[in-house]
Amino acid sequence: MTNYDDRFQALLSELKLDGRYRTFAELERIAGAFPAALRHRPDGTTQRVTVWCSNDYLGMGQHPDILDAMHRAIDLSGAGTGGTRNISGTNHQHVALESELADLHGKEAALIFTSGWISNLAALGTLGRILPDCAIFSDALNHNSMIEGIRRSGAERFIFRHNDVAHLEELMAGIDPARPKIVAFESVYSMDGDIAPIAAICDVADRYGAITYLDEVHAVGLYGPEGGGIADREGLADRLTIIEGTLAKAFGVMGGYVAGPALLVDVIRSMADSFIFTTSLCPHLAAGALAAVRHVRTHPEERTRQAENAAALKAMLQAAGIPVLDTPSHILPVIVGDAHLCREICARLLDQHDIYVQPINYPTVARGQERLRITPTPFHTQDHMLALTQALSEAGQALDWLGKARHVA
């Protein structure tokens with residue numbers, strides 16, 4: 001008889017030996033105190049920490065307008081929807097949110113999902129499946145959800161080197177011009193913090209008659225006059241066929257969406273299994289997300305302050321000799337280059353400095369590129385930044401990692 005437990009234990013032991021076994025810090029967010037949180041230790045005590053790795057980029061998950069909207073929706077509609085979107089699960093909050101998101105991106109229609117991961121899976125999986133002999137061109141650093149959506153579609157996949165427009169054109173020129181084509185890429189890449197050459201990619205896509213699919217998950221809410229993302233900032237939203245985004249990062253709630261031409265969105269709505277057979281987003285989540293989108297669109301000062309803080313912290317880390325990548329975005333990756341060392345640094349920051357940063361290891365990044373992914377917000381103060389910089393410098397001396405990291409970077 002097969003001993004399943006031995007197999008499971010061997011797998012976990014291998015992860016631990018490799019430094020890739022994930023442990024979770026039990027945190028309790030404190031409404032109104034972001035970026036502070038309470039950490040519940042295994043011994044039952046608590047510790048107040050400063051969070052430096054949250055994707056709640058603007059602190060919208062703590063904003064009173066969003067919380068009020070969610071409370072009102074719970075009082076009005078209760079907890080859940082009781083069904084899929086097709087079977088009693090389409091509420092007024094869903095329709096209003098989709099209309100707002102379509103307007104944010106200057107598109108005819110939008111469709112919301114339970115997460116950004118599902119929205120990529122559903123949209124790419126459906127489009128690649130229904131277009132006969134479709135070829136999908138995917139950036140080498142695309143997110144797992146895009147990779148899984150493309151794989152699920154069954155379409156032939158061509159991977160172009162990261163942000164390499166010439167390689168993309170070379171690949172597109174090598175296939176039958178009559179084949180349906182999709183170019184799938186991101187605007188801000190979450191681990192390196194770099195930004196795609198959107199206009200140049202659109203130029204190539206236009207020459208070869210391809211649908212353009214842009215993941216703006218790490219950009220919506222943060223860039224552009226109203227927070228529509230990098231495409232909005234650069235005046236390129238009209239050149240993208242589909243824009244995909246999330247409600248769980250800069251908008252601080254939960255869910256994902258796609259926005260695009262009404263006909264195409266209707267096809268996804270009608271044919272995506274992961275949309276059709278899933279209970280719809282809770283009304284209070286949709287209401288909170290709607291309030292967040294409306295707030296962010298009319299309050300540019302918050303993303304301005306976030307950008308200023310990101311620039312200030314990057315300069316501070318660079319001056320201290322911390323190996324932070326010189327990114328053009330709000331994401332500041334500090335390269336460590338070793339999985340075990342990465343975990344040691346994070347544990348030291350948490351236990352000795354009340355600073356919470358989660359280690360990023362393989363397979364999220366390549367082996368040898370392990371890192372701390374730091375995300376400043378409008379609510380991190382100068383004192384917070386100084387404390388983080390000093391703590392990293394202290395860890396560099398105590399663990400002798402800075403020289404190694406610079407070599408890796």
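Biologist: Is Phe-379 buried, exposed or partly exposed?

Modeller: Phe-379 counts as partly exposed, because its relative accessibility is 32%. Buried means under 20% relative accessible area, exposed means over 50%, and partly exposed lies in between (1.4 Å probe, protein chains only). The model is a predicted one, in which local features need pLDDT of at least 70 and side-chain atom pairs count only at pLDDT 80 or more, while totals for chains, interfaces and linings use all residues. Residues are numbered from 1 along each chain as its sequence is written, and side-chain values use heavy atoms, leaving out hydrogens and water.

Biologist: Which charged residue sits over the ring of Phe-379?

Modeller: The charged end of Arg-305 does, 5.8 Å from the ring centre. For this, NZ of Lys or CZ of Arg must be within 6 Å of the ring centre and within 35 degrees of the ring normal. Arg-367 also lies over a ring face, that of Tyr-362, at 3.9 Å from the ring centre.

Biologist: And how many aromatic pairs are there?

Modeller: The count comes to 3 aromatic pairs. Rings of Phe, Tyr and Trp (its six-membered ring) pair if their centres lie within 6.5 Å; planes under 30 degrees apart are stacked, over 60 edge-to-face, and the rest tilted.

Biologist: Why is the pair of Phe-34 and Phe-379 edge-to-face?

Modeller: The pair is edge-to-face because the ring planes stand at 80°, with the centres 6.2 Å apart. Phe-34 lies in the loop between β1 (27-29) and β2 (36-40), and Phe-379 in the loop between β14 (371-374) and α14 (382-399), 345 residues apart. Helices (H or I, at least four residues) and strands (E, at least two) are DSSP runs, numbered from the N terminus. Phe-34 is buried, as its relative accessible area is 11%.

Biologist: How are Phe-137 and Phe-158 arranged?

Modeller: Their ring centres are 5.0 Å apart and their planes at 20°, so the pair is stacked. Phe-137 belongs to strand β5 (residues 135-139) and Phe-158 to strand β6 (residues 156-160), so the pair ties together parts 21 residues apart in sequence. Both Phe-137 and Phe-158 are buried.

Biologist: New topic: what does Lys-314 contact?

Modeller: Apart from neighbours within four places in sequence, Lys-314 is in contact (heavy atoms within 4.5 Å) with Val-324, Leu-325, Asp-326, Thr-327 and Leu-332. Lys-314 lies in helix α12 (residues 300-319) and counts as buried, because its relative accessibility is 15%.
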